[in-house]
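This briefing goes with the sequence and structure shown below. Please read the points alongside them.

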Amino acid sequence: VSAVNSGGVPVISSAWDQVNGAECRQAATDAAAVYRQTLSSLSVPAAAPEATAVHTRAYATALQLFDSRAFGNQATTSRAELEAQLAECYGGWSEKNQRASSEVCSGLLRKLFQEMLAPFAEEDGDGAHPGLAEYLAEDGVAAIEAKWMELVARYRTEARGPAVDAELSKFFNMQWPEVLRRWSAGMNSARAAAEAAAEKRADEAKDEAVRASAMQQSSEDTLTAQAQELVTLRIENQRLQVEAQSYKQRLDAQVAELKSPQQTGPVGVEAGGGDLTE
């Protein structure tokens, strides 16, 4: 138009190229907007397979939309620029998704640890681990391992996004040694408490055995004394029986002597003696 107004001859190809270029750029802009809108509708953090599937569909839709509108010599160049723009957009969204996943996963691990495992590693004022000691006393070390496996299972059920494995690995490699150290201290404390309790029970049993032995010895001494007393009583009884028999014999002899016909007077006066009146 400007060429005609100035008296010149317009170049149709240049005008067409401008129209073509503008339309291709607008088609690319609109296609990129559709892609961003589709991608932004996906909540973060999103799992990698889900994100890849949405990206693939949005990418194909954007290119299809562009191809339906773009034409001319500029179409190929604009399409290549659109593809680069979509790739950059997906890269930025992927980084955002990765950060969101890391935050969610690390927070979930801290929450599950505090809920399921931290109570067993807490120390009291004396440096003991009563929670762990009680748990070990009831279920043994295998129960702690079961708790860890339960934590991992719950984590994998609730965690989201591409950082699931990376955050679990980080937690295991960086925090698990400290957890093991605290548990080791707790297990030693629990073992020491168990040994102390066992020693106390052994001492009590020993004291009880000593008391029982003393009582048994006392009973044996009492029985021995009673037996000796019984023997003494029997000997004394036999002695008394002998004395009684001897006394009876003497008494019988005296009675027989009193009844003897050779004696008419009192005992000790011979029969036929002189007249007592003389």
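In which helix is Glu195 found? Glu195 is found in helix α8. The model is predicted, and its chain has eight helices and zero strands.

**Overall make-up**
- From the N terminus on, the order of elements is α-α-α-α-α-α-α-α.
- The chain has 278 residues, of which 23% count as buried.
- The chain exposes about 18700 Å², and carbon and sulfur atoms supply 55% of that area.
- Among contacts with a separation of 6 or more, 72% come from residues 24 or more positions apart.

- Helix α8 covers residues 164-258, and Tyr247 lies in it.
- Tyr247 forms a nonpolar surface patch together with Leu251 and Val255. The accessible area of these three residues is about 270 Å² together.

- Ser101 is found in helix α4, which spans residues 74-116.
- Ser101 has a relative accessible area of 0% and is therefore buried, the cut-off being under 20%.
- Leaving aside residues up to four places away in sequence, Ser101 touches Pro45, Arg160, Gly161, Pro162, Ala163 and Val164.

**The cis peptide bond at Pro45**
- Most peptide bonds are trans.
- The bond that joins Val44 and Pro45 is cis, with omega at about 0 degrees.
- Pro45 lies in the loop between α2 (12-40) and α3 (48-69).
- Pro45 is also one of the residues touched by Ser101.

**Leu65 in helix α3**
- Leu65 is found in helix α3.
- With a relative accessible area of 29%, Leu65 is partly exposed.
- Leu65 touches Asp30, Ala31 and Val34, not counting residues up to four places away in sequence.
- Leu65 and Ala32 are 33 residues apart in sequence, and their C-alpha atoms are 9.6 Å apart in space.

Methods
Residues are numbered from 1 along each chain as its sequence is written. This is a predicted model: local features need pLDDT of at least 70, side-chain atom pairs count only at pLDDT 80 or more; totals for chains, interfaces and linings use all residues. Side-chain values use heavy atoms; hydrogens and water are left out. Patches are made of residues with over 30% relative accessible area and no salt bridge: like charges are joined within 9 Å, nonpolar side chains (Val, Leu, Ile, Met, Phe, Trp, Tyr) within 5 Å. Accessible areas come from the Shrake-Rupley method with a 1.4 Å probe; for residues, only the protein chains shown count as cover. A salt bridge is a side-chain nitrogen of Lys or Arg within 4 Å of a carboxyl oxygen of Asp or Glu. Helices (H or I, at least four residues) and strands (E, at least two) are DSSP runs, numbered from the N terminus. Buried means under 20% relative accessible area, exposed over 50%, partly exposed in between (1.4 Å probe, protein chains only). Contact means heavy atoms within 4.5 Å.
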